[in-house]
Amino acid sequence: MARALFPDQGAAGADRGGEEAGPRPEGLARERHTVRGQVQGVGFRPFVFALAQRLGLSGFVQNTPEGVLAEVQGPPDALAAFSAGLDRNRPPRSRVTARREERIPPRPEEKGFSIARTTRGSGHTLLVSPDIALCADCRAEIRDPANRRRGYAFTNCTNCGPRYTVTRSMPYDRSSTSMACFPLCPECRREYEDPRDRRFHAQPNACPACGPRLWFTRGGEAETCGAPEGAAAIRAAAGLIREGGILALKGLGGFHLACAADQGEAVARLRRRKNRPHKPFALMLPDLAAARRIARLGPAEIALLTGAEQPIVLCPLRENPPLAAGVAPDLSLAGLILAYTPLHQILLDAYADLGADPPALVMTSGNREGEPICLGNREALTVLRDMADAFLLHTRDILVRVDDSVVCPLPDGTALFFRRARGYVPRPLALSDSFSVNHQHFSDNESVIFPSRQGALRAFPAVLGLGADLKNTICLTRGTDAFVSQHIGDLSNPETAAFQREAIAHLAGLLHVRPEAVVRDLHPDFSSSRQAEETGLPVLRLQHHYAHAHALLAEHRPPAGGQADAPALVLTLDGTGLGEDGHIWGGEILFLRPACPGKEPEHQRLAHLAPLPLPGGDAAAREPWRLAHGLLTDLNLAADDPLLPWLPEQAKAAALLSAMIRSGLNTPRATSCGRLFDATAALLGLCLVSTYEGQAATLLEEAQAGFPSPAERPYPCPWTAPAPGAACWQLDSHTLFRAVWEDRRRGLPAALLSRRFHLGLAAGFVDLAARLGAGFGVKRIGLTGGCLQNRTLARLLAQGLENRGFTPLLPRAYPPHDGSISLGQAVWGRLTLLARSAG
């Protein structure tokens, strides 16, 4: 059977694009089709095989460095039907970006259709498939007592299972994955070689007889050593959790820590061990019925929870859900995720069999707080030994660390990324350009003819963006695509910095590209900046907020026929970033014009928030009361009022801060929107000290969310034109903060004050952006930065701009926070190099 599937094709796989079709038998024709995109690891070759078989065509299909190549031979009408069929009923996880077809000489002696061996080369245009959540067929099999994969934790098929996390190199074949060390048993090989089977050429295919093994250990053995295996291991793990224990389990892209979501002591113990006092935990559930017991689910939530990606989805909690109070303290949303691997599914099923109702598990990343998720068994046994009471381990290697993605459904049917990782990475962003080069641009759902095999790769430079130091990602461009990595994290610790280097090496190797330049932030002390200088590549530097803006505009390509270099305004609202003037920015209105031939991208700072003091520098971000006290001192607003939430406990520290602020000692100033939110949250007593990033702003939005009157009056937030000799307009956030303070002294509720604050800040930004947009003649106004994770602010800004006749642009494919900085850097660097080469 194997020989029939893999005949010696000899020269048949070579490119004969320039060959003239010579004399051919009557009614016989032959065509070559090359399909690019996400077409490996998603069942595309079996799809082509079945289509050709159905039409009675001879030929072959194979993976190549350029994509899937198929040569088909038969009557012209059957070839036309084959060409049409390639554009219909494709495998659900495939993403075709381009297709070429060409007529070549027939081979009258050829009989039958086969899947040929993969050909390899030094470069490719393939798209690597993200990991795919457990499909309904495989879920049914692992629950079927009569099925040989009953309870098997590594069940998969062409429609689901590991892809990116087990792939070492492309093209995608079993030998290129961590499944290479598991030879197929006769039964699995039969499935693998049967065109009618849904495991036809499923590279991670396995069963209990030939695949990875699973075991449970309390003592920390890296090998089985007589420990419970298979079903016994699952029962032991479920029992441990039911008894209040904490389990470390090796998942798809790394380790999880799990405990019972309804046991308050277990949740509290996990928080203590992980040093995570308040940041909400995610919950994993076996199915939608269990999820509905905990949260109110609409169509948008259900679509995300059950899709191929299956991220953590932020869902509105029901009143008094059957959860421990410590799961998501003080919040009305919780992150829910359904079991997306067979391992998670059988563990939750076993947990339910023990009487858990609902069978909900806290499921959080298996790592020390701030470090990367653990990857291998020995690493986890060392790092997690003080957090976990037992371990559920297996023998399938994880080649790439990938956390769960986190998204929030939005009323317009889209979703907002809080973390982009498993299920979405390494899906690329297709880039558009105004340069006249030998390439065409293709969208995800187009299937068109492309003019040259490697033209796009030769025409465009490969650029590496190294991102910011918080919420770090890296980005590589290849041809007309930009590939943003999974979430990497905070580069301030050496483990995460090492993870960044891993990610760079793996992504560059997978894409077969060597960058021509690297782009870094302006901040000289960033770990990513130092990394850039050590690469040996030409280094370009781009300011933090311009990188945010370029990422957003790359996502929002001009419409067909639109001006490719059309200018836009972009509001970049976040925490802090070093500005071009050496000061700290964070609440900016920027003008951008993408590059055109001979001209590099243009950007200009037009406006910003009024500066506020950061007493103690970075300490002010961790202790928001410092920010509130600093603004009160700056504005002469009775910073010693004993009714302030941080007094009298912080009286001595507050007096010292006042002296620091007046003297300017260790008190930089920032035009930061994020710090303005923090200061307001502290003034209202919502958050005086943050234990996780964004906590104060999250609680400030949460406070106003339930306020009954959406038509409340906004606080004033006027703007002022540039003073003589100044370049920027200014939004007077001092007046806004003063209004909050005055109403607080009147004893008005925090919910009302928060609501008026949101309305006032949004109205001020809309008014100023509309004036500047009209003056610069732009129609598109972008909204990005970490503050756009605040759904209330994002909605008010977008609605206000629409009402003024502008088109608001919001991040949807990538997070608004620093996770998109690398994308903006790489896209800007690529445009800059293209402009210089064309000039």
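Contact here means that heavy atoms lie within 4.5 Å of each other. This is a predicted model, in which local features need pLDDT of at least 70 and side-chain atom pairs count only at pLDDT 80 or more, while totals for chains, interfaces and linings use all residues. Residues are numbered from 1 along each chain as its sequence is written, and side-chain values use heavy atoms, with hydrogens and water left out. Helices (H or I, at least four residues) and strands (E, at least two) are DSSP runs numbered from the N terminus.

- L347, a residue of helix 10 (residues 342–353), counts as buried because its relative accessibility is 0%, where buried means under 20% relative accessible area, exposed over 50% and partly exposed in between (1.4 Å probe, protein chains only).
- Leaving aside residues up to four places away in sequence, L347 touches I234, A237, A238, I241, L247, L249 and L361.
- Between the C-alpha atoms of L347 and E588, which are 241 residues apart along the chain, the separation is 48 Å.

- Strand 7 (residues 247–250) and strand 13 (residues 390–394) run parallel and are joined by three bridges, and A390 in strand 13 is the bridge partner of L247.

**The second largest pocket**

- The second largest pocket holds about 500 Å³ of space; on a 1 Å grid over the protein atoms alone, a pocket is an open set of points where a 1.4 Å probe fits, with protein on both sides within 12 Å along at least five of seven lines, and lining residues have an atom within 4 Å of a point.
- Of the 21 residues lining the second largest pocket, F417, Y424, R427, R812 and A813 are the closest to its centre.
- Helix 9 (299–306), strand 15 (415–419) and strand 16 (429–430) are the elements that give two or more residues to this lining.
- The lining has 11 nonpolar, two polar and eight charged residues, with Ala, Val, Leu, Ile, Met, Phe, Trp, Tyr, Cys and Pro counted as nonpolar, Asp, Glu, Lys and Arg as charged, and the others, Gly among them, as polar.

**Backbone features in loops**

- The peptide bond from V425 to P426 is cis, with omega near 10 degrees, and P426 has its place in the loop between strand 15 and strand 16.
- A cis peptide bond also leads from L647 to P648, with omega near 5 degrees, and P648 lies in the loop between helix 17 (624–634) and helix 18 (651–663).
- Q310, in the loop between helix 9 and strand 10, has a positive phi of about 45 degrees although it is not a glycine, and Q310 counts as buried at 4% relative accessibility.
- H512, in the loop between helix 13 (494–511) and strand 20 (517–520), is likewise not a glycine but has a positive phi of about 60 degrees, and H512 is partly exposed, with a relative accessible area of 28%.

Notes: Points joined across faces, edges and corners; volume = space filled by probe spheres on them. Pairing = 2+ DSSP bridges.
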